Amino acid sequence: MISWPSTLPQGFMSDGYQSGMGDGRARSDTDSGIAKVRRRFSAVPRPLSGNMYMTDDQLSAFKSFVSSDLAGGSLPFTFPAQDESGTWTVQLGKDVPAWGRLGLGWSVKIDLVILP
């Protein structure tokens with residue numbers, strides 16, 4: 001399994017960090033009354049996104065990691081867990097990484113999905 005490089009930041013900046021629960025429900029609206037809801041899946045992916053501060057060298061290494069090691073972002077990898085101990089198996093989410101200048105470095109927005 002591919003691992004998040006140790007030379008890159010190991011955590012998101014607190015500003016913009018978001019995580020949540022995956023939705024494994026099937027929901028059917030009714031003509032009247034409340035919707036019918038049942039469990040559809042027991043193992044569902046969870047969203048995870050945030051910003052990381054990177055130096056010029058780290059941004060270059062990150063770009064190489066995504067394009068080469070992750071085959072353009074299509075492969076899963078292990079990533080340091082953010083609100084618990086250990087690691088998570090994750091994959092790049094719907095949005096591809098984006099970056100912009102922040103001081104002398106870069107703010108890199110990363111959208112991930114924690115795999116079940």
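**Strand pairing and surface**

Author: In this predicted model, R46 has I114 in β9 as its bridge partner.

Reader: How many bridges pair strand β5 with β9, and in which sense do they run?

Author: Strand β5, residues 46–54, pairs with β9 over 9 bridges, in the antiparallel sense.

Reader: Which residue stands opposite V113 in β9?

Author: That residue is Q91. Strands β7 and β9 run antiparallel and are joined by 3 bridges.

Reader: And how many bridges join β8 to β9?

Author: There are 5, and these two strands also run antiparallel. W99, for instance, stands opposite V108 in β9. The hairpin of β8 and β9 has 2 residues between the strands, and G103 there takes a positive phi near 65°.

Reader: Why is strand β9 described as largely enclosed?

Author: Of the 10 residues of β9 (residues 105–114), 8 are buried, so the rest of the structure largely encloses this strand.

Reader: Turning to the surface, which residues form the nonpolar patch?

Author: Y53, L102 and L104 form it, with about 330 Å² of accessible area together. L102 lies in strand β8, residues 98–102.

Reader: Why does L102 count as partly exposed?

Author: Its relative accessibility is 38%, and partly exposed covers values between under 20% for buried and over 50% for exposed.

Reader: Is V96 buried or exposed?

Author: V96 is exposed, because its relative accessible area is 67%. V96 sits in the loop between β7 (87–92) and β8.

Reader: What separates the C-alpha atoms of V96 and Q18?

Author: They are separated by 16 Å, the two residues being 78 residues apart along the chain.

How values were computed: Residues are numbered from 1 along each chain as its sequence is written. This is a predicted model: local features need pLDDT of at least 70, side-chain atom pairs count only at pLDDT 80 or more; totals for chains, interfaces and linings use all residues. Side-chain values use heavy atoms; hydrogens and water are left out. Patches are made of residues with over 30% relative accessible area and no salt bridge: like charges are joined within 9 Å, nonpolar side chains (Val, Leu, Ile, Met, Phe, Trp, Tyr) within 5 Å. Accessible areas come from the Shrake-Rupley method with a 1.4 Å probe; for residues, only the protein chains shown count as cover. A salt bridge is a side-chain nitrogen of Lys or Arg within 4 Å of a carboxyl oxygen of Asp or Glu. Helices (H or I, at least four residues) and strands (E, at least two) are DSSP runs, numbered from the N terminus. Buried means under 20% relative accessible area, exposed over 50%, partly exposed in between (1.4 Å probe, protein chains only). Two strands pair if DSSP finds at least two bridges between them.
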